[in-house]
Amino acid sequence: MDVKKDMKKTKKTEQEIYAEGFYLLYFGLLLMVFVRGLILNHSLKNIADISVLFFLSSIYLVVRFAFQGTLHDSHLEKGNRFNTRKAVLRGVFSTFLYAILMFFTNRWSVESFASLFSIFVGMMVFFAFSIVLPYLSFRRKKKNTPK
């Protein structure tokens, strides 16, 4: 019995080490993108490699958590249903926060109609993902929950 207990403890310790290593790499990449892109004003061409790696890993994590059923918050549930109103309010708030961040970092400009259109499309895509992914996560959790 002690052997099984020891193996479980070793496995848990290994998983914790992997998780810590991943967090160091992930947030290290985030810090590198932030410092080199926003503070040092390196061009996108110069930081494309770390930016692509960071964004691909971020997309993978979000999609993986959504399909696992752990992406949504339990307070977005209304009884046994998804609380769409709360999700939309959170989506609107986060979309405007995203837009403000993009304006303050001079990533977006309002010089032409094409710029305004691209801003609008970017905000709509961001908003859609902020609603759809938690909903998919809720549905997945509900499907995997034993009745």
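User: Hi! Among contacts between residues at least 6 apart in sequence, what share joins residues at least 24 apart?
Analyst: In the protein chain that share is 63%, with contact meaning heavy atoms within 4.5 Å. This is a predicted model: local features need pLDDT of at least 70, side-chain atom pairs count only at pLDDT 80 or more, and totals for chains, interfaces and linings use all residues. Residues are numbered from 1 along each chain as its sequence is written, and side-chain values use heavy atoms, leaving out hydrogens and water.

User: Thanks. Which pattern does the chain follow along the sequence?
Analyst: The pattern reads α-α-β-β-α-α, with four helices and two strands. Both are DSSP runs numbered from the N terminus: helices are H or I with at least four residues, strands are E with at least two.

User: And which residues make up the largest nonpolar core?
Analyst: That core consists of Tyr-26, Leu-29, Val-33, Ile-47, Ile-50 and Phe-54. Helix 1 (2–39) and helix 2 (48–68) each supply at least two of its residues, and helix 1 gives the largest share, three residues. A nonpolar core here is a set of buried Ala, Val, Leu, Ile, Met, Phe, Trp, Tyr and Cys residues joined through side-chain atoms within 4.5 Å. Buried means under 20% relative accessible area, exposed over 50%, and partly exposed in between (1.4 Å probe, protein chains only).

User: Is Tyr-26 buried or exposed?
Analyst: Tyr-26 counts as buried, at 16% relative accessibility. Phe-54 is buried too, at 7%, whereas Phe-22 is partly exposed at 33%.

User: How do the rings of Tyr-26 and Phe-54 sit, then?
Analyst: They form a tilted aromatic pair, 5.0 Å centre to centre with 35° between the planes. Tyr-26 is in helix 1 and Phe-54 in helix 2, so the pair ties together parts 28 residues apart in sequence. Rings of Phe, Tyr and Trp (its six-membered ring) pair if their centres lie within 6.5 Å; planes under 30 degrees apart are stacked, over 60 edge-to-face, and the rest tilted.

User: How many aromatic pairs does the structure hold?
Analyst: Six. One of them is stacked, Phe-22 with Tyr-26, at 5.6 Å centre to centre and 25° between the planes.

User: Switching topic: which residues does UniProt annotate as "transmembrane region"?
Analyst: The unreviewed entry lists 21–40, 46–67, 87–104 and 116–138. UniProt positions follow the numbering used here, feature names are shortened, and annotations may be inferred rather than shown by experiment.
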